[in-house]
Amino acid sequence: MMEEIPVIDLNKQYLSIRGELEGVLSRIFAKGSFILGEEVAAFEREFAEYCGVSHAVGVASGTEALQLALMACGIGKNDEVIVPAHTAVATVSAVEASGARPILVDIDPVRLTLDPALFSQAISPQTRAVIPVHLYGCSVNMDPVLQIAWEKNVLVVEDCSQAHGALYRNRKAGAWGDIAAFSFYPTKNLGAFGDGGAVVTSNRGLAEKVRLLRQYGWREHYVSSVRGMNSRLDELQAGVLRVKLKHLDKWNLRRRQLADLYFERLKKTDLILPAQPDESNHVFHQFVVRHPRRDALMRFLRGRGIHSLIHYPVPIHLQPAYADLGYVSGSLPNTEAASREVLSLPIYPELSEEKVHKICEAVFDFFG
Ligand SMILES: Cc1ncc(COP(=O)(O)O)c(C=O)c1O
């Protein structure tokens, strides 16, 4: 029987840390405190330290982390937020949940992240923030983004959902902007056993606002000082994340080694391989290759038992729900080309070198 190669294997990761997890989870079960307790507080301290910022606030998902970050900045109705068009739909839905209007801009065709020049052109009197998305694990070219944002008085809200531990000029993703959002969706480089997210910032006032907003605006229980929502990280997820955070650097290093193997073996093919800018330390949440015959390659690999994914197959501005944003086919050409050509090959810390070789051999066979 043909051995399947999945895009991720969370069971293998679980088995590698099972003992540590069981200890933590049974301690939390026995304690009987499940919402915003000591585990969440400890995780917030540890994650802030990891990111090199002063504050982290645990929330219910990455989407809500973005929404709460925007709300804490006072962004809402009649405001515009600039977002790269090539991202998870969550980035755009979070902007709309805050009440603001998302303005989609095209991407740099090499890095596949926000094009700073197009960001600059998209700024209007209503623009309050920009969301650089550190897509696939590689940081956005932050210097020009920060420079433009500073000159034009635009807040920078980083979307770090795919970039836990990624560096830009030796500082972590999440430590560059005014405020940043992380997702702990199970498949992320740092993933919970369910939904989870965090807002990080070195601005104490913003952190306090997020803390209020995540629980009905309560400073004290049952008294709302501002209108808030329910977006809490729970104790079990915080306990899991505390265990996994200790392994994150080792896991990211392993992703890097597997990526190096892909680079070495695939460099002679026609595939366009991921950009590796000098100032960024890519953490390879995804290993994304590009080719005009992407769909045929994906089918060919599937025939060999190799799974792959497309991040993302339909640009947000061409999805039915977003037709009223006013973009047409051809309006964001780099994003549209990326959607037609990108393919995410399997990459996760527990993947063996042997399997990477197998995937590369299959790619060679496809190109003949
Ligand atoms: C770039 C990006 N932003 C935001 C999110 C939203 O995170 P969550 O699924 O935790 O709401 C994700 C995760 O899917 C993401 O990849």
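**View A. Helix 5 against the sheet of the predicted model.** Helix 5 (residues 89–98) lies across strand 2 (80–84), strand 3 and strand 5 (155–159), running at about 150° to strand 3. Contact means heavy atoms within 4.5 Å, and angles, from 0 to 180 degrees, are taken between the N-to-C directions of axes fitted to C-alpha atoms, for helices over the stretch in contact. Helices (H or I, at least four residues) and strands (E, at least two) are DSSP runs numbered from the N terminus. This is a predicted model, in which local features need pLDDT of at least 70 and side-chain atom pairs count only at pLDDT 80 or more, while totals for chains, interfaces and linings use all residues. Residues are numbered from 1 along each chain as its sequence is written, and side-chain values use heavy atoms, without hydrogens and water.

View B. Seven strands in the order 1-9-8-5-4-2-3 form an open sheet of mixed pairing, where two strands pair if DSSP finds at least two bridges between them. Strand 1 (55–59) and strand 3 (101–105) each have a single partner strand, so one side of each is left without a neighbour in the sheet.

**View C. Strand 1 and its surroundings.** Five bridges join strand 1 to the antiparallel strand 9 (residues 197–201), with histidine 55 opposite threonine 201. Helix 3 (residues 38–51) lies across strand 1, strand 8 (179–183) and strand 9, at about 125° to strand 1.

**View D. The end of helix 13.** Helix 13 (residues 353–367) has 15 residues and is followed by glycine 368, whose phi is positive, near 70°.

Key
Expected span 1.5 Å × (residues − 1).
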